[in-house]
Structures are given as structure tokens and as C-alpha cells.
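Dear colleague,

I am handing over the structure we spoke about, so that you can look at it before reading my notes. Please open it first and keep it beside this email as you go through the rest.

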Amino acid sequence: MISFQQVGKTYPDGTVAVAATDLTADSGRITVLVGPSGSGKTTLLRMVNRMIEPTSGSILIDGVDVRSKPAPELRRGIGYVIQNAGLFPHRTVLANVMTVPRLLGWSKEKARERAMELLLTVGLEADHAKRYPFQLSGGQQQRVGVARALAADPPVLLMDEPFSAVDPVVRKDLQTELLRIQSELEKTILFVTHDIDEAILLGDRVAVLNTGGTLEQFDTPSELLAHPKNEFVEGFLGVDRGVRRLSFFSSGAVPLRPEPVVAVDAPPQEVLARKGTQPWLLVVDAETKPLGWLPAQQVPADGDLSRVPAADLVSYGHAFTVEAESLRAALDSAVLSPSSRAVGVDADGRVVGVASVEELVPAIRAAQDGSSPENGR
Amino acid sequence: MNLFPHIPSYLGTYGSLIQQQLTMALLSVLFGLIAAVPLALLCVRYPKIYPAMVALLTVIYSLPSIALFVLLVPSTGLTQTTVIIPLAFYSLAALVPNIVDGVRGIPEDVRLAAVAMGYTGIRRLVAVDLPLAVPPIMAGLRVATVGNISMVSVGTVIGVGAFGALFTAAAQLSRSDLAVTGIVCIVALALVCDLLLVITQRLLTPWNKRRSR
Ligand SMILES: Nc1ncnc2c1ncn2[C@@H]1O[C@H](COP(=O)(O)OP(=O)(O)O)[C@@H](O)[C@H]1O
Ligand SMILES: [Mg+2]
């Protein structure tokens, strides 16, 4: 646990980078500091490993003041990842990752073994080990940066906009990877970003900072989206916070109806019966995997679906996985489908049922009214 | 005309001249480097003294070598040392700015990362700052080495000029072929040394993008 107690920083030129701030980053959780450029995020982060000394207040890690040991020793026990990875260009990937263990006096063999293990953890391959940083892509460099920070297994990880400089696709990968690693390692992570979407995706708790280093709100992402404390936070969250908040609620509550679902080899009389009651039929294959929508008026008069050319089936957009995916995914599925109906599938991709946009509304309403989400992400 | 004529025996042999030329030139570069590293680091640590240092180095560089040799003779005699001392100062003058630029040129995020990993002063210098400054340092070494190999010949005024003696002899004996030989040998030595330094640099910096690709 990292606690900031009335921590403030005024630079010698009079700039107040951080106004007296109280903040607690829970152990084993990701705490995100988000705010516009110049809101003191980096300053706040660097005061933890004493690359910057506060001008007031104190910072405790697990109850111990960071000033109680020499700064270099403190830093070797705290992982640090920065925007452009900051790898040592003259060292191989492996040697980069071995840095802190070697500084701590580990033997070469032990450090090497640990480094190899970490390269795999962060999704790199063993043959990346011998390369130099300039031979890696930006995303790979950033992975090495994360491996290097984790090398000595520090309980605390500081990350300063680690994914801001890579392209959106790679960023998405790195974010997913970080969540996966975190679910295994459970580090106490302090993560700085100026991107509110990243904050909401990664943070267990999110601290929204304003210029002048004032803490505007510190809450779970879902609370932040539901109840922004003031105009600044609301503005910073952006326009679609209501829809985005749905990503914190499980799609388990969506009422799914099986009636519109028919197998491609269903008996004609059953198909014709469904045709009478449903405006749209979802045609599924023998394994109940979705093939596409068929408007009722296009069902063949003899009810034989196997005669319908595949091209006549209307794409279902994408299906959502019941429970595993969020209400937001369910809503998106409905909105994207030409039939305005969301297709819910189980973990194996077999159709469970469908729900129209209207049928989703009560679940959405319940989520917005209920105070806490059932589902973490 | 024979490019490598017999040289009068009182001047020495090709082998002994090569040896003298290299000894004086390379030792002066080495001493220059040994002195330049701490001076440069001092300038990095205390940037305020750097302009004064640059001015001083410029003055040193502008001192005529002949004058320095003559001034040193009373204390160090007609020896190689008398030639090496001024040349070491020239090397120093060429190397200090390169080392300063090299260490200052280390990318900010690399420097930050080193601090954040828990490196302390000396260790960071040895493990991060100096290795990264190798390319500019090598550039300085090349300039100093080639310059000194040529400058050594001026030592002939006090009788220790290695191949420079061929120039004096050329004038005295009216044998211009000796002068040509002197020039050819000096240029060849300079080129060989420069090539060796280039190869050394490639071996030392496999991580350098511009060199390996
Ligand atoms: N060394 C410094 N001296 C003076 N002002 C600084 C210094 N470092 C940062 N600042 C100022 O402090 C404020 C906060 O900076 P920073 O912590 O880098 O913000 P962020 O990371 O949120 O962009 C900014 O106004 C910045 O200009
Ligand atoms: Mg910043």
C-alpha cells in the first residue's frame, strides 16, 4: 500500500506541481493517476521513488516512510516503467532485464534465469534476448521495459504513460497483457496516463487530477462514470460515460429469448410456426453456432431453410458472450445488428438466445440505478 | 623514382622510424585521453566551468608546437617526452569536447531509467554514461590520432621527429625523394591507425544503429 499524506511539491521557480494531496494506492491493485498535461502526475509518481523530493507531507509504502532508506536502495525495490521504455541502448534485451537483479548483487546465472523467465511472461520470445533495443519495435521495447521493471520482483510498480507512444493496436495489446500479468502477480501499481479510457480500462481505482496538482476525485471507474463529482471530472470523462459505464456490468442479466433461434435443418412445420410469431429468425448451424438473420418474409414457403443461399442471410454483426462480456458488449451487439437484436453466445460460441434493443433496456436501467456493478470489468 | 629509397643509416631504418612515430603519437593520445575523461566529467558535473574550459583548450590548441618543444627542452631534454607532452595537450583539447557532448547526449529517458533502477554515481558512469559516449569519444580519438601521427614529425627540430627527420635530411641533402617517402609513410600510418580505430569502434558498439545497419 502506498499512502500519500498531505504530499505537496512546489518547484523552486514557484510552480505548484502537486497541491497537498492525500491518496492511498491499495496493495495488489492498479491505481491510475489521470489528468491533463501538467497536472502533476509525473511529479506525484516520482516522489514515490524519490526521483523528486516533496516539499511537504510524506509518502509511506506499507507504513514505512520512503525517506527511511537511501534513495538508490529504495529505487531497486520499486519497478519503474516510462513512456519510451528508456532501455539501455548499449545492452542486449537480456542484459537490460538483468539490470536491477545485478545491482542487487544477484549472481549472473540467477539474474539471467530470472530475466529469461520474465521475457516470456511479458510475451516476448527467447530469441529476443540477444537483440539490442534498436532491433525491436516500439511495442516490444515497452514489453522489455515492463520485464526490466519486474525483474527483481518488486512489490510496487510505477508506470508513467508507458503505452502512450505506441500505436493504438499495440497499445490495446499491451493493456490487455498488463491486466493479464497483474492478475497473476498482483503488484501494487501506480499508473499514470492522460487517457481517460486507459484509466477506466486499467484502474481498480482512478484519481483524477487537475492543473495545479489538485485531486478532483478518487473512485472506482464505475463510480467515476456514474457520479462525477464536478464539472471538471464530467468534462474529462467525455460525452458517452453512461454507455461506457455499462462495461462494468455483466451481461448475465440480459433476458435472452430462444424463440427466434432456428436450426438450419429444423423441420419445416417448426420453421413456419416461428415465421408466424417472429419478425426475424436467427438461423444457426447443427452446432447451434449463428449463421445469420433471416427476415420472416424471406422464409421459403415450404419452410426448408437449407434451400436459403448463405448470401441471403443478414450478418449478425458480432455476438456477445453471456456473463463473460459486459452489458456494453450486449448493447453494441444489438446496435450493430440489422435486426436490432443482440445475439448472446456461450463460451463455446453456441447461441443461448437473442434480445432486442428494447429488451436490453430494463437490464441497462437496473445497472444505472444499482449503486455497484456486479462485475469488475 | 623509388618510393622507398635507402635512407641514410644515421636516420635509422624504416622499422625504427615507424616505431618512433607510433610510440610518440599513440602515447600522447593515450595520456591525452587519460586526462580528458576526468576533465570532461567535471565539465558535465559543473556545466558552468565548461565555457572557460573550452576557451582554455582553444588556447592550448593554438600554441605552436615548435615553441612548446623549445620551451620544454631545458627540463625534459632532447627526448621523446618533449614531443609527447605538447601532443598530449593537443589530444586533450580534441577529446574533452567530444566526451562532454557524448555524455550530455545520452537520451533523457535512458538517464532517467538509470536513476530509477537505482544506479549510483560512479557505477552509472561506468555502466551507462561512458559506454554510451563511446561513439563520440572514438570520433575524438580518430582526430587526435591522425593529427598526432602527422605532428610528431615536427619533433625533428629537436632531433626526435621520427619520419620528420626525412624532411630535414631532404633539405640538407637536396633529396626530395626522402621528403616524398616521409609523407607517404606518415599518411600510410595515419590511415592504418584510423582504420584500426574504426574497426575497434564497430566491435565496441554493436548496439549502434548507424554503424551496424
Ligand atoms: N523541474 C521543474 N521545475 C519547474 N517546474 C516543473 C518542473 N517539472 C515539472 N514542472 C511543472 O510542474 C507541473 C507538473 O508537471 P508534471 O508532474 O510533469 O505533470 P504531468 O506529468 O501531469 O504532465 C507542470 O506545470 C510543469 O511545468
Ligand atoms: Mg508526465
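This is a predicted model: local features need pLDDT of at least 70, side-chain atom pairs count only at pLDDT 80 or more; totals for chains, interfaces and linings use all residues.

Chain A as a whole

Chain A has 377 residues, of which 51% are buried, and its secondary structure consists of 13 helices and 16 strands. Taken along the principal axes, the box filled by the C-alpha atoms of chain A is roughly 85 × 50 × 30 Å. The accessible surface of this chain comes to about 15,900 Å², and carbon and sulfur atoms hold 52% of that surface. If one takes the contacts in chain A with a separation of 6 or more, 63% of them are between residues 24 or more positions apart.

The shell around ligand 1 is made of Y11(A), D13(A), T15(A), A17(A), P36(A), S37(A), G38(A), S39(A), G40(A), K41(A), T42(A) and T43(A). By class, these shell residues divide into three nonpolar, seven polar and two charged. Helix α1 of chain A, which spans residues 41-48, gives the most to this shell, with three residues.

In the case of Y11(A), a polar side-chain atom lies 3.4 Å from a nitrogen atom of ligand 1. On its own, ligand 1 has 560 Å² of accessible area, and the protein covers 61% of this.

The size of an interface is often given as the accessible area lost when the parts come together. Here chain B and chain A bury about 2,100 Å² between them, with 69% of that area on carbon and sulfur atoms. On the chain B side, the residues that lose the most area to chain A are A116(B), M117(B) and W207(B), which together account for 30% of what that side buries. Counted by contacts, 22 residues of chain B touch 24 residues of chain A.

One residue to look at in this context is N208(B), which sits in the loop between α9 (176-204) and α10 (209-212) of chain B. Leaving aside neighbours within four places in sequence, N208(B) is in contact with F134(A), P135(B) and Q201(B). Because its relative accessible area is 5%, which is under 20%, N208(B) counts as buried.

Two residues with positive phi

Two loop residues other than glycine also deserve a careful look. T288(A) has a phi near 65 degrees, a positive value, and its place is in the loop between β12 (280-284) and β13 (290-295) of chain A. With a relative accessible area of 29%, T288(A) is partly exposed.

In chain B, S174(B) has a positive phi near 50 degrees, and this residue lies in the loop between α8 (164-173) and α9. Is S174(B) buried or exposed? S174(B) is exposed, because its relative accessible area of 67% is over 50%.

With kind regards

Notes
Residues are numbered from 1 along each chain as its sequence is written. Chains are lettered from A and ligands numbered from 1 in the order in which they are written. Side-chain values use heavy atoms; hydrogens and water are left out. A residue is near a molecule or strand if one of its heavy atoms lies within 4 Å of it. A polar contact is a pair of N or O atoms within 3.5 Å; within protein, one must be able to donate a hydrogen and the other to accept it, and residues adjacent in sequence count only if both atoms are side-chain atoms. Accessible areas come from the Shrake-Rupley method with a 1.4 Å probe; for residues, only the protein chains shown count as cover. Helices (H or I, at least four residues) and strands (E, at least two) are DSSP runs, numbered from the N terminus. Ala, Val, Leu, Ile, Met, Phe, Trp, Tyr, Cys and Pro count as nonpolar, Asp, Glu, Lys and Arg as charged, and the others, Gly among them, as polar. Buried means under 20% relative accessible area, exposed over 50%, partly exposed in between (1.4 Å probe, protein chains only). Contact means heavy atoms within 4.5 Å. Buried area is the accessible area (1.4 Å probe) that two parts lose on being put together, summed over both.
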